[in-house]
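Work through the exercises below with the sequence and the model open side by side. Each task is followed by a solution in steps.

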Amino acid sequence: MNYELKSLFAVFLLLSYTFGTACSSEKSDNKKEQSEVKVPFGDPFIMLYNGTYYAYGTLAENGIAVLTSTDLLYWKTPEGLTDGLALNKKDVWADRWFWAPEVYHVNGKFYMYYSADEHICVATGDSPTGPFKQDVQKPMIDGEKSIDNTLFIDDNGKPYLFFDRFNDGLNIWVAELQDNLIDLKLETMHPCIHVSQPWEEVWPRVNEGSFVIKHNGVYYMTYSANSYESPYYGIGFATATDIMGEWTKYENNPIYQNVGDLVGIGHSAMFTDKDGNLRIVFHAHHSKTQIHPRNMYISTVSFETEDGKEIMKIDPNYITPVLNN
C-alpha cells in the first residue's frame with residue numbers, strides 16, 4: 001500500500017501559500033474565481049475545536065500534515081507552522097509511511113491515532129497543530145502489521161480502538177483501550193467485519209478505514225472496500241447493538257461509490273459541524289484516469305427509515321474544499 005507520496009508534500013506547501021479562491025458543488029461563492037486547488041489529502045479526518053476546523057490526512061513523507069478552516073470550504077496552513085506538519089517523524093517511532101491520522105481532544109490533551117510503517121500508533125500533543133510526540137516511541141501492537149486505527153468512546157466513557165489487521169486480506173477488529181487511551185487491552189481483541197459482500201470483491205480482499213458512531217442506541221460503522229487504487233473503492237456501513245458483539249452489514253451496500261464525477265471514493269470519517277449537522281469527510285481519486293494526488297471531499301450524513309430500520313445515507317451533493325492562503 002505504497003501511496004507514492006514523494007514530492008507531493010512540497011507541492012502542497014507551495015500551493016497552500018500561493019493560491020486562493022474555492023469551489024463547491026454544494027453552494028456557490030461570490031468571490032472572483034482565480035484558481036482552484038483541491039486539498040490533496042488521502043484518508044482525511046476533520047476535527048472541530050474552539051470554532052476552527054482542523055484537517056489531517058495522508059500526504060507528507062516525513063509525518064502528518066494539518067490544515068485549518070472556518071467554513072469547511074477554504075483551507076490553509078496554520079500560521080507559524082512553516083513545515084506544515086502536526087507530527088514529524090523525528091518525534092515518533094518509524095520513519096516512513098505516515099497514513100490515516102485522526103485527532104481527538106480528551107481531558108485537555110490531544111491524541112493523534114495514525115499508521116506508520118504499517119503499524120498503528122498514537123502520539124499526544126497540547127495543541128491541535130502539534131507537535132505530536134510519543135513519550136515511548138513504539139507502535140501500539142509490537143511485531144504485527146496493522147493500520148487505520150480509530151478511537152471510539154462509548155456513552156459510559158469506555159474507550160475502544162478499531163483498526164485493520166492483515167489476516168484474510170485486510171479486515172476490521174476492535175479492542176478495548178486502557179484509560180490512558182494509549183495502551184491496548186490485547187486480550188480483548190475481537191474481529192468485527194471482513195470481506196463478505198459481492199461489491200467488495202473487485203480486488204483485493206479489503207475492509208478498511210472504519211469509523212464508528214452511536215445513533216439512537218445503535219453502533220454504526222462506516223468502512224471502505226476494494227483497493228484504494230480501484231475506481232470501485234467505496235463506502236459501506238455495518239451496525240451492532242453490542243460493540244464487542246456481532247456486526248451486520250447493510251444489505252444494500254455500498255452507500256457511496258462513483259458519485260457524480262468522483263471515483264475511488266473511500267476512507268471516511270464523521271464529525272459534527274458548527275451548525276450541529278453530521279458530516280462525513282472522504283477522499284477520491286484525482287481524476288477518472290489519475291489516482292494521485294487524492295483529494296478531500298465533504299458531504300452530509302442523515303438517517304432514513306426503511307422497513308422499520310434506520311438506514312445511514314450520504315448526500316450525493318458534496319463540498320470540494322480548496323487551498324486558500
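A nonpolar patch is made of residues with over 30% relative accessible area and no salt bridge, whose nonpolar side chains are joined within 5 Å. The model used here is predicted.

**Exercise 1. A surface patch**

Task: Find which residues form a nonpolar patch on the surface, and state their accessible area together.

Solution:
- Step 1. The patch is formed by Val 202, Trp 203 and Tyr 232.
- Step 2. Together these residues have about 340 Å² of accessible area.
- Step 3. To place Val 202, look at the loop between strand E12 (190-193) and strand E13 (207-215).
- Step 4. Val 202 has a relative accessibility of 47%, so this residue counts as partly exposed. The class runs between the cut-offs of 20% and 50%.

**Exercise 2. The nonpolar cores**

Task: In the largest nonpolar core, identify the residues that touch the most other members. Then name the strand that gives the largest share of this core.

Solution:
- Step 1. The largest nonpolar core has 79 residues, and Ile 46, Tyr 56 and Tyr 113 touch the most other members.
- Step 2. Strand E7 (residues 109-116) supplies the largest share of this core, with six residues.
- Step 3. There is also a second, separate core of 17 residues, which includes Phe 162, Val 174, Ile 193 and Val 212.

**Exercise 3. Strand E6 and its partner**

Task: Decide whether E6 is largely enclosed or exposed, and describe how E6 is joined to E7.

Solution:
- Step 1. Count the buried residues: eight of the nine residues of E6 are buried, so the strand is largely enclosed by the rest of the structure.
- Step 2. E6 and E7 run antiparallel and are joined by seven bridges.
- Step 3. In this pairing, Phe 98 stands opposite Ala 116 of E7.
- Step 4. The two strands form a hairpin with two residues between them. Asn 107, in the turn, has a positive phi of about 50°.
- Step 5. Within E6 (residues 98-106) lies Ala 100. Its phi is near 50°, a positive value in a residue other than glycine.
- Step 6. Ala 100 has a relative accessible area of 1%, so Ala 100 is buried.

**Exercise 4. Backbone angles in loops**

Task: Locate the cis peptide bonds that join Gly 130 to Pro 131 and Asn 253 to Pro 254. Then examine phi of Leu 72.

Solution:
- Step 1. Between Gly 130 and Pro 131 omega is about 5°. Pro 131 sits in the loop between strand E8 (119-125) and strand E9 (146-153).
- Step 2. Between Asn 253 and Pro 254 omega is about 0°. The loop between strand E16 (248-249) and strand E17 (266-272) contains Pro 254.
- Step 3. Gly 260 is also found in the loop between E16 and E17. This glycine has a relative accessible area of 61%, so Gly 260 is exposed.
- Step 4. The C-alpha atoms of Gly 260 and Tyr 318 are separated by 9.3 Å, although the residues are 58 residues apart along the chain.
- Step 5. Leu 72 has a positive phi, near 75°, and is not a glycine. The residue lies in the loop between strand E3 (63-69) and strand E4 (74-75).
- Step 6. With a relative accessible area of 3%, Leu 72 is buried.

**Exercise 5. Cysteines**

Task: How many disulfides does the structure hold? Is Cys 121 buried or exposed?

Solution:
- Step 1. The structure holds zero disulfides.
- Step 2. Cys 121 has 0% relative accessibility and therefore counts as buried.
- Step 3. Cys 192, at 12%, also counts as buried, because the cut-off is under 20%.

Terms used:
Residues are numbered from 1 along each chain as its sequence is written. This is a predicted model: local features need pLDDT of at least 70, side-chain atom pairs count only at pLDDT 80 or more; totals for chains, interfaces and linings use all residues. Side-chain values use heavy atoms; hydrogens and water are left out. A nonpolar core is a set of buried Ala, Val, Leu, Ile, Met, Phe, Trp, Tyr and Cys residues joined through side-chain atoms within 4.5 Å. Buried means under 20% relative accessible area, exposed over 50%, partly exposed in between (1.4 Å probe, protein chains only). Helices (H or I, at least four residues) and strands (E, at least two) are DSSP runs, numbered from the N terminus. Patches are made of residues with over 30% relative accessible area and no salt bridge: like charges are joined within 9 Å, nonpolar side chains (Val, Leu, Ile, Met, Phe, Trp, Tyr) within 5 Å. Accessible areas come from the Shrake-Rupley method with a 1.4 Å probe; for residues, only the protein chains shown count as cover. A salt bridge is a side-chain nitrogen of Lys or Arg within 4 Å of a carboxyl oxygen of Asp or Glu. A disulfide is a pair of cysteine sulfur atoms within 2.5 Å. Two strands pair if DSSP finds at least two bridges between them.
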